[in-house]
Amino acid sequence: MSHIIVIGAGIGGLSAAMTLAAAGHAVTVCEAGPRVGGKAGIAVVDGVTFDTGPSVVTLPHVFAELFESAGTRLEDELTVRPLHPATRYHWPDGTTLDVAHAPADTVAAIGATLGADAAREFASFLDYARTIWESASPWFVLGDAPTPGHLLRILPRAAHHLFRIDPLRSMDAAIDARIQHPKLKDLLRRFATYNGSDPRVAPATLHCIAWVELGLGMYGIDGGLHALAEALARVATRHGAQWSFHTPVSRIVVEHGRATGVVLADGRSLKADAVVVNADAAHLRASLLEPNVRHALPRPAAPSTSGWTGVIRARRRDANRRPPHAVLFPTTYNEEFRDLFDRDRAPVTPTVYLCAQEKAHARAGWPDHEPLFVMANAPAEPADGPRPHEAAETVRAAVLARLLAADLIDADDALVWSRTPADLAEQLPGSRGAIYGAASNDRFAAFRRPPNRLGVPAGVYLASGSAHPGGGVPMVALSGRAAARAIQHDLSD
C-alpha cells in the first residue's frame, strides 16, 4: 500500500486526502493548525461559532462528484441550498439591486430597478459569459494545467473554443463593448476580484466567473463553509486517512530526484511515496524544498489581492433589511483598482462585502444578534515585510462607517473578530497574505500557474489556489482532485 503525506488540511488538501484514501492509499495529513479547513476557518466568541473565510459556494456539482468518487453522496454529507435572493448590491445614490439564484429572476430585477435596456444588456452579457465558461472550462479548469506546448497540440481541435473565450481583450474592454449602464459595469467588474485581479488588464476570459455565480447560482451550506471542510475530512477518515494537527512540516526530503518523505518542525521524519503540498507554491519553493534541490517551479508571479476581514456581532434583522449577502460599491469603482494595483494601498473608499451567516448558512448566532462576516479588498503584503498596522485600522474604520451609513448595522454593534493581510500572511507562509495565489493580470497567467504534478522533483504534487486551476473554493477542490489523480496515475506505472 502506498503512503501519501498531505501537507495542509485546507480544501485542496482535504480533497486530495479524501480521493486518495478512498482509492485505497494510506494517507497522513500534517496540519500546522489545530483543525481542518485552512482559509475556510472558524472562530468562537461567547459560545457562537462562525466562519472566518470563504462565505459562498458555487459549482456544487464539483463536490457532488468528489463525494461520489469516495462512495457517498453530497446530500448525505451536507445540506446545500440555493439562496433567494443571493446578493443585494448597494450604490451611494441609494439604488439597491437584488441578484437572485435564477438568472431569469435577476434579469427581471434589473429591468425593474435599472430599466429594460439594462435588463437586455445583462441578459446578452450573461450569454456571452456562459459561452466563455463552456468553451474554457474543459481546457483551462477541468483538464491538465495548460502550457504553451499543450495549447499548440490542441489548437487544431480546440481553435473554435479558444476563439470564443475572448483572451485578447481585457475584462473592462469587454464590458465597455457590451454594457452601457454604469451600475451594471460596476456589478460585472467585481468578478475580477473573485480571483484577486484587476479588470482593467485581466483577460476577458475571466468573465466566465460571472456565469458561474450569476448563471449557475450561489448556494449556502448549513453550518457554513467550514462544514464542507469537516465533511471532506469525515469521509476521508472513514476511508482510513490519519490526521496530525499542530504538526508543521519544515521540509520535503528529496533523494535522487524524488520525494521520499518529510521532516517535521520537531525533527521527526515521516516516509512517503508521494507528497501533496496544500500550501502556497512560493512556500514550497522558498522553504519546503532545500536550496540545492532542482525543481520545476516557476518564479512567483505578482500576488492577487488580500483583504481585511471581520465578524460583527450585529442586532438581528429580517432578510428584507439584511439579505444573505450584500455588496456596497463606492461612487467611482475603478478608483478601488487604482488604489490596489497602481498605488499599492488599501482603497480609500473600499467596496464592502457582507455575509449574514444565519441567513446564508443557517449558522446560529447569539440570543439577539447574528454574526456578519465583512470584507474589504486590500493589496497583498510587500515582499520585504508587513505594512504599518495603521493601514489595517484605516480599512476597519472605513468598513464600519460604510455599513453604518447603509443601515446594515447599528451603532452599538460590535466587531468581535478581525484579520488583517499581515495576519493572513503569517498564517499562510509564502502567500504574502494573497487570498487567491497569483493575480491573473495578463493573458498568459493561466500558463504560468504551477501544475498539480511538479515533475521535478518527482513525487511532489500541488493542491492549492496558487496551483492549477486557481483560487476559489471549487477551483481549489479541483486542484486537490487533480493532484490525487496524478498520484494514482504515477503510482500505477
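Glu393 is partly exposed, with 33% relative accessible area; the term covers values between buried, under 20%, and exposed, over 50%, taken with a 1.4 Å probe on protein chains only. Before I go on, this is a predicted model, where local features need pLDDT of at least 70, side-chain atom pairs count only at pLDDT 80 or more, and totals for chains, interfaces and linings use all residues. Numbering starts from 1 along each chain as its sequence is written, and side-chain values use heavy atoms, leaving out hydrogens and water.

Back to Glu393. Its salt-bridge partner is Arg396, with the closest N and O atoms 3.1 Å apart. By salt bridge I mean a side-chain nitrogen of Lys or Arg within 4 Å of a carboxyl oxygen of Asp or Glu. Both residues sit in helix α14 (residues 389-405), 3 residues apart, so about one helical turn separates them. Helices here are DSSP runs of H or I with at least four residues, strands are runs of E with at least two, and both are numbered from the N terminus. Arg396 is also partly exposed, at 27%.

How many salt bridges does the rule give? The count is 38.

Two of them connect separate elements. Arg88 and Asp98 meet at 2.6 Å, N to O. Arg88 belongs to strand β6 (residues 87-90) and Asp98 to strand β7 (residues 96-99), 10 residues apart. Arg88 is buried at 12%, whereas Asp98 is partly exposed at 27%.

The other is Asp93 with Lys183, at 2.9 Å, N to O. Asp93 lies in the loop between β6 and β7, and Lys183 in helix α8 (residues 182-189), 90 residues away. Here Asp93 is exposed at 53% and Lys183 buried at 14%.

Now the sheet. Which strands form it, and in what order? The order is β9-β2-β1-β13-β19, an open sheet of 5 strands with parallel pairing; two strands pair if DSSP finds at least two bridges between them. Strands β9 (242-244) and β19 (460-462) are at the edges with a single partner strand each, so one side of each has no neighbour in the sheet. From one strand to the next, the twist averages 20 degrees.

Helix α1 (residues 11-22) lies across β1 (3-7), β2, β9 and β13 (274-277), at about 160 degrees to β2. Angles run from 0 to 180 degrees between N-to-C directions, with axes fitted to C-alpha atoms, for helices over the stretch in contact, and contact means heavy atoms within 4.5 Å. Helix α17 (residues 473-492) lies across β1, β13 and β19, at about 155 degrees to β19.
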